[in-house]
Amino acid sequence: MTDPIADYLTRVRNAIMANHKVVEVPASNLKKEITKVLFDKGYILNYKFVEEGPQGQIKIALKYHPQTKVSAIKKMERASKPGLRKYAGQSSMPIVLNGLGVAVLSTSKGVMTNKEAKTLNVGGEVLFYVY
């Protein structure tokens, strides 16, 4: 697998399109941090790290509206790809959907959103956009 983050996003997108309640993703430290950011921002209902097998799994409970059954995640789009990395300095931080969406960055201080990175005055690699 050349791009594990794209695989992570694709698994979540496919589970949402199929109206699954839970999706399992192979674990890594970066994926665990991405999952924590998505949980903190309210895009997923819950998560659990399962340490079985050589690498472990992340079980993600997806979040849907109770009446309309519409997912909290409308779109997840990969920004930085292995062939073309996208970086943003603290002055050129991306704004997603006029501030309603979130850009997830990998910075020297860990994985965080674009708003957190701007307040901490750090830049980094823009991993993906979610709204």
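**View 1. Val104 in its strand.** A strand is a DSSP run of E with at least two residues, and strands are numbered from the N terminus. Val104 belongs to such a run, strand β6. The model shown in this and the following views is a predicted one. Val104 is counted as buried because its relative accessibility is 1%, and the term buried applies under 20%. Leaving aside neighbours within four places in sequence, Val104 is in contact with Val37, Val111, Met112, Glu125, Val126, Leu127 and Phe128. Val104 and Ala88 are separated by 16 residues in sequence and by 11 Å in space, C-alpha to C-alpha.

**View 2. The open sheet of β1, β3 and β2.** Three antiparallel strands make up an open sheet, in the order β1-β3-β2. Its edge strands, β1 (22-26) and β2 (44-50), each pair on one side only. From one strand to the next, the twist averages 20°. Helix α1 (residues 4-17) packs on this sheet and touches β1 and β3, and the direction of α1 makes about 165° with that of β1. Helix α2 (residues 29-40) lies across β1, β2 and β3 and runs at about 155° to β2.

**View 3. The pairings of β3.** Strand β3 (residues 57-62) is antiparallel to β2 and is joined to it by six bridges. In this pairing of β2 with β3, Val50 has Gln57 of β3 as its bridge partner. The hairpin formed by β2 and β3 has six residues between the two strands, and Gly53 in the turn shows a positive phi of about 80°. With β1, strand β3 pairs in the antiparallel sense over five bridges. The bridge partner of Glu24 in β3 is Lys59.

View 4. In soluble globular proteins, nonpolar side chains tend to be buried together. The largest nonpolar core here has 26 residues, of which Val12, Leu38, Ile60, Leu62 and Phe128 touch the most other members. Two or more residues of this core come from each of α1, β1, α2, β3, β6 (102-107) and β8 (124-130). Helix α1 gives the most, with six residues. Apart from this core lies another, of eleven residues, including Ala79, Ala117, Val122 and Val126.

**View 5. The surroundings of Leu62.** Which residues does Leu62 touch, not counting those up to four places away in sequence? They are Val12, Ala15, Ile16, His20, Lys21, Val23, Ile44 and Leu45. Leu62 and Val12 are both among the residues that touch the most other members of the largest nonpolar core.

**View 6. Asn114 in helix α3.** Asn114 is found in helix α3, which covers residues 114-120. Is Asn114 buried or exposed? Asn114 counts as buried because its relative accessibility is 5%. Apart from residues up to four places away in sequence, Asn114 touches Met93, Pro94, Ile95, Val96, Val102, Ala103 and Leu105.

**View 7. Ser28 in the loop between β1 and α2.** The loop that holds Ser28 lies between β1 and α2. With 29% relative accessibility, Ser28 counts as partly exposed, a term used for values between the buried and exposed ranges. Although Ser28 and Pro4 are 24 residues apart in sequence, their C-alpha atoms are 9.0 Å apart in space.

View 8. Most residues other than glycine have a negative phi. The place of Asn19 is the loop between α1 and β1. Its relative accessible area of 52% means that Asn19 is exposed, since exposed is the term for values over 50%. Lys69 lies in the loop between β3 and β4 (76-78). Lys69 is also exposed, because its relative accessible area is 52%.

How values were computed
Residues are numbered from 1 along each chain as its sequence is written. This is a predicted model: local features need pLDDT of at least 70, side-chain atom pairs count only at pLDDT 80 or more; totals for chains, interfaces and linings use all residues. Side-chain values use heavy atoms; hydrogens and water are left out. Two strands pair if DSSP finds at least two bridges between them. Helices (H or I, at least four residues) and strands (E, at least two) are DSSP runs, numbered from the N terminus. Axes are lines fitted to C-alpha atoms, for helices over the stretch in contact, and angles run from 0 to 180 degrees between N-to-C directions. Contact means heavy atoms within 4.5 Å. A nonpolar core is a set of buried Ala, Val, Leu, Ile, Met, Phe, Trp, Tyr and Cys residues joined through side-chain atoms within 4.5 Å. Buried means under 20% relative accessible area, exposed over 50%, partly exposed in between (1.4 Å probe, protein chains only).
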